[in-house]
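Here are my notes on the structure shown below. Please read them with the model open, and check each point against it.

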Amino acid sequence: DIQQMIRICCLNPVYQSSCHRTQCCCYKLNFEGDNGVVQFGKIRKFDIFILCIALYIIAYTGISIAGIGLLDIIVLTLWGIAIYLNNFHLIFCKNNLAVFYILIVMLGYFLHGNIGSGFWKTLELILILLVIPHYLDTERKYWRMMDIILSIGGVLAILGLIETISEVNIFQSIAGIGQSSAINNYRFGLRRSQGFCNNFINYGAFLGMLSCLAIYRIANQKRSKKHVDIIIYVLLLLNMISTLSRGVILFFGIAHLILWWKAGVLKRIDRIFKIIGSIAIVGVILQLFGVPVIEGINNIFYMIAVIFDSSYEASLSSSFGSNVGGIGNRLDLFGWIYDAVKNDLFLGVGYSTRFSKHLNGGYYKTSIENTYLAQLYYTGILGLSGLLVFLLGNIKKAIDTKQRMTNESKLSYESMFIVLTVGYMLTMLTFNVQSDFRLYYVLVGLLYSRKMILREKNFH
């Protein structure tokens, strides 16, 4: 019977030697009574572990408990669960790229005296990039992790769309922070969704990456379960558009088209016409019910077109808000940042030194809407080089991986990851990464875990 087969499997030295942590399948399966019912006791605990990872991704930094930030609490909880699941031992992945990046980030904090922040950041990066990938050591865990992340993303997208309609951000409400009414938070009279992030562009980038992951899951999902992932993708896409962030919509829109093409959806003319026809029918129905669909499409088109041709500014309504041209001070930032950091080019000025530029009219600009310039300002050439090596190194790792998992039939994770990273890097020219970068760290961790799974699969 099944129970006897499991016992034989566990006693077989061939199977015992194939396990990373000298665990056998008895460690993952529990049999109670003689009714032959299999209970996945350890799998339940692992689901809690994955759920905590998902909470780490979406943790709102404005919430604290007993003076400790919610993000720090989740990181400590994950460390505790990781140690417990491995019988109070820790095993780290061997990954020179991740170690190099962690050291650069750590130096960026420690060399400027930010010991406390540097400690928490180092603890976080070691956990996500070196510890957690080791626990995703089977295809089952890998897919389970992805499904939970996408499910959480679907809930987030619903909350984000509610935010656009009701102008209430649930995360700010929980944290007791007043709802911001700044003019740049609105475009076309709609509140720009920002979810758990501190900025709508960061939230848009987060949704752009998560919807890329949804495309990958749809491409490799069973036909009977595709509809759930499709619904999640549509919600994520609509919420991404509701951020009304031009760079995000432009770059991740292109990334989505590339991924749908690689997944085979856009390679058939009949499918393209079906998709266009379905969208058109839904649009007509909404227009008949009074939803200004045509006006919205025109506004989004002009919103992006004005970046390349200023003559479209006249076509945008006065309800658009500030920064109609789409560039703002972003080009001026290159000169301003250089002037501010030219005496500290190698190490930067540190995260404690806030950027401030006096503008005409008595205004001060304190934001740096460019990730690369922000890295140069805070951590100098050392930090900027570390970031670029990390991003490009991960692309190289994805390119070097040729093998696919069992259920990957159309679109590989590596192909999706490359397109996602390139799109993200282009979007970084328009904003400074913050909370959204946590999702990218987890996606990188999935890339590392896949390499271990595929390497062992190839070995056996």
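1. I start with leucine 244. With a relative accessibility of 5%, leucine 244 counts as buried; buried means under 20% relative accessible area, exposed over 50%, and partly exposed in between, using a 1.4 Å probe and protein chains only. Leucine 244 sits in the loop that joins α10 and α11. Its phi is positive, near 50 degrees, and leucine 244 is a residue other than glycine. Most residues other than glycine have a negative phi.

2. A word on what is being read. This is a predicted model, in which local features need pLDDT of at least 70 and side-chain atom pairs count only at pLDDT 80 or more, while totals for chains, interfaces and linings use all residues. Residues are numbered from 1 along each chain as its sequence is written, and side-chain values use heavy atoms, with hydrogens and water left out.

3. Next, the overall content. The protein has 17 helices and 8 strands; these are DSSP runs numbered from the N terminus, with helices being H or I of at least four residues and strands being E of at least two. Of the 460 residues, 47% are buried. The accessible surface is about 22500 Å², and carbon and sulfur atoms hold 64% of that surface; areas come from the Shrake-Rupley method with a 1.4 Å probe, and for residues only the protein chains shown count as cover. Among contacts (heavy atoms within 4.5 Å) with a separation of 6 or more, 71% are between residues 24 or more positions apart.

4. How far apart should the ends of α10 (residues 226–242) be? At 1.5 Å a residue, its 17 residues should span 24 Å, and the end C-alpha atoms are 24 Å apart, which agrees. The expected span is 1.5 Å times one less than the number of residues. Buried residues in α10 include Ile232, Tyr233, Leu236 and Met240, and also Asp229 and Asn239. The cover over the buried residues of α10 includes α7, β6 (190–191), α9 and α11 (246–262).

5. Helix α4 can be checked in the same manner. The 16 residues of α4 (residues 70–85) should span 22 Å, and its end C-alpha atoms are 22 Å apart, in agreement. Leu71, Ile74, Val75, Leu78, Trp79, Ile81, Ala82 and Leu85 are buried in α4. An α-helix has 3.6 residues a turn, so residues three or four places apart point the same way. Just after α4, asparagine 87 has a positive phi of about 55 degrees.

6. Now the salt bridges, of which the structure holds 7; each is a side-chain nitrogen of Lys or Arg within 4 Å of a carboxyl oxygen of Asp or Glu. One of them joins lysine 121 and glutamate 124, at 3.5 Å from N to O. Both residues lie in helix α6 (residues 115–135), 3 residues apart, about one turn of the helix. Glutamate 124 is buried, at 5% relative accessibility.

7. Another salt bridge pairs aspartate 147 with arginine 217, at 2.7 Å from N to O. Aspartate 147 is in helix α7 and arginine 217 is in helix α9 (residues 200–219), so the pair ties together parts that are 70 residues apart in sequence.

8. Lysine 141 is buried, with a relative accessible area of 8%. Its side chain makes a polar contact with the side chain of aspartate 137, at 3.1 Å. A polar contact is a pair of N or O atoms within 3.5 Å; within protein, one must be able to donate a hydrogen and the other to accept it, and residues adjacent in sequence count only if both atoms are side-chain atoms.

9. Glutamate 167 lies between α7 and α8. Its phi is positive, about 65 degrees, although glutamate 167 is not a glycine. Glutamate 167 is partly exposed, with a relative accessible area of 36%.
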